[in-house]
Amino acid sequence: MKLWGGRFSKGTDALVEDFHSSISFDKRLYLQDIQGSMAHAAMLGKQGIISQEEAEQIVTALEQILTDIENGEVEFDLGAEDIHMNVETILTERIGDAGKKLHTARSRNDQVALDIRMYMKEEIKATKALVLQLCEELLALAEEHQHTVMPGYTHLQKAQPITFAHHMLAYLQMFRRDAQRLDDCYRRTDVLPLGSGALAGTTFPIDRQFVADQLGFAAISENSLDGVSDRDFAIEYAAAASMIMMHLSRLSEEIILWSSNEFRFIVLDDGFSTGSSIMPQKKNPDVAELVRGKTGRVYGDLQTLLVMMKGLPLAYNKDMQEDKEALFDAIDNVKKSLLVYIPMLKTMTVNKEKMHGSAKGGFINATDAADYLAARNVPFRESHAIVGHLVAYCEQHGKDLEDLTLAEFQQFSPVFGEDIYEYIAVDRCVAARKVPGGPSVEATTVAIEQGRAWLNQQER
C-alpha cells in the first residue's frame, strides 16, 4: 500500500504508476534526501516531537541506507514513486514504527524543494569551478599571445588589427560575468524551504534555524507558500547555463572558422578532433561543433522550466516534477561542455605567422590612415571620406594602402607625409591603442593583471 494510500479504496493503475513515477531521474538526489532527513530527524528529537532514542535510531538507519546505496546494494522501487518515498519505505522496513515518524512536520513538497536546493548548491559551485578553470586557460593564452597580431572583425569582415591576447581577454570578460551570475544564483538558492510543510507550515514546534545550521543554509524561507512553489533558482541556473553555453558557442564558431583551410589561424590537437569515414584528409572540429549544438539543448531546458512554471497557481502542482529532468540536463551538458573545452584550448596550436599575415590585408589599417589625417587637423569626417576614396583607388589598382607611393597618397590629400607608412604598419596600429581595454601590450598587461587578481579572489 502507498504511504499516502489511506484515503484510497483501490491501487493506482499500472499506466498511471509508470507515468507518475519520478524515481528513474530523481534517484540522483538520494544523498541530499538522506542528509535532509537526518537533519530533520535530529531536529524532531531535539524538540521532543519524537523521542531522542527514535531520532538516533532513524539517523543511524539512514546512514546505513546511504552506505548501501553508494555500494550498489539498494534497488529502487518504481511503485514507491520517487526518491523520498523509496528512502522512507526502506527505512520503515528496517526499523519499523520509528521510521514512520520521520515524516512528522514535513511534506514531500518542502522535502523535494530542500533536496533540489541542496543539490543545486553543489552543482552551482561545481559549474563555477569549471568556469574559473576556463578563465585560467584564457588568461594563459592571453599572456602567451600579447604580441600575436591578428585581424579583428565586424560583420565577419576584416576591421582593425588586434592581438590574440585581446581576443581571448574578451571571452574572459564573458565568462567572468557568467561566474558572477552563478554567485548570484547561489545566494538565492541558499535558502532552506523545509518547515514550509505542504504549503502552510506545521503546528509542531519545529526549529527551522537548527535544520538550516545543520545543512549549511544561509537563511530560511520567509513564506511557506513560496517555499514549496519557488523554482526561480532552478530557472536562474538554467539561464546562467544558457549564457555560458552561448559564450562557448560563440567561441566555438570562431574556432571552427579559425581551424579551416581558409583561415588556418589555429590547429586543434588530434585528441580533440575527429576524422571522416570517407575523406582521409579530414580533421574535423567536432568538439566545438558539438558544444555549439548542445547550446540549443540547454536553451530548450530553460524554455521547459519557464513554460512549466508560467501558469501554475500557488502552491505545489505535479507539473513541477518536470523541473528535474530539464534542470539535470542543463547541469550535465554545461559541465560536460566546459570539461572538454578547457583541454581543447590548452592543446591547440596558434599559428602566429598566419594571423599576422592575415592582419596585413583587407585595408585593416584604413581607420589609422583616417586618424593620421585627423591628428593633423583634418576633420575626421573629411579624413574618413579621403581614406574611403583611397581604398576605392587601391581596389581599382590591386593595391593595399601600404603599397601606395607618397605621390599617390598626396593625390588625395597633401597632408600625407613620409611618416604615413610607419603610422599604418599593423604592429604600430596595435601598439598605439593604449587606451584601457585596448589591444596594445600595455593595455592587455593591465587587463591580464586585473583578470588574475579577480581569479585569485574567487573561492575554489
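Biologist: What is the volume of the largest cavity in this predicted model, and how many cavities of 30 Å³ or more does a search of the whole structure find?

Modeller: The largest cavity has a volume of about 40 Å³, and the search of the whole structure finds 1 cavity of 30 Å³ or more.

Biologist: Which residues line the largest cavity, and which elements give two or more residues to its lining?

Modeller: The lining of the largest cavity consists of H40, M43, A105, L194, G195, I206, R208 and V211, with α3 (30-46) and α9 (208-215) being the elements that give two or more residues to it. By class, the residues of this lining divide into 5 nonpolar, 2 polar and 1 charged.

Biologist: Why is α5 called roughly perpendicular to α7?

Modeller: The axes of helix α5 (residues 83-95) and helix α7 (residues 108-144) come within 10 Å and cross at roughly 105°. Angles of 65 to 115 degrees count as roughly perpendicular, and therefore α5 is described as roughly perpendicular to α7.

Biologist: Which residues of α5 and α7 meet?

Modeller: On the α5 side I83, H84 and M85 take part, and they meet R108, Q111, V112 and D115 in α7; this contact of α5 with α7 has 3 nonpolar, 2 polar and 2 charged residues.

Biologist: What makes H167 buried?

Modeller: H167, which is found in helix α8 (residues 164-189), has a relative accessible area of 13%; buried means under 20%, so H167 is buried. Leaving aside neighbours within four places in sequence, H167 is in contact with M150, I162, E254 and W258.

Key
Residues are numbered from 1 along each chain as its sequence is written. This is a predicted model: local features need pLDDT of at least 70, side-chain atom pairs count only at pLDDT 80 or more; totals for chains, interfaces and linings use all residues. Side-chain values use heavy atoms; hydrogens and water are left out. On a 1 Å grid over the protein atoms alone, a cavity is a set of points where a 1.4 Å probe fits but cannot get out, and a pocket is an open set with protein on both sides within 12 Å along at least five of seven lines; lining residues have an atom within 4 Å of a point. Grid points are joined across faces, edges and corners, and a volume is the space filled by probe spheres set on the points. Helices (H or I, at least four residues) and strands (E, at least two) are DSSP runs, numbered from the N terminus. Ala, Val, Leu, Ile, Met, Phe, Trp, Tyr, Cys and Pro count as nonpolar, Asp, Glu, Lys and Arg as charged, and the others, Gly among them, as polar. Axes are lines fitted to C-alpha atoms, for helices over the stretch in contact, and angles run from 0 to 180 degrees between N-to-C directions. Angles under 35 degrees count as roughly parallel, over 145 as roughly antiparallel, 65 to 115 as roughly perpendicular and the rest as oblique. Contact means heavy atoms within 4.5 Å. Buried means under 20% relative accessible area, exposed over 50%, partly exposed in between (1.4 Å probe, protein chains only).
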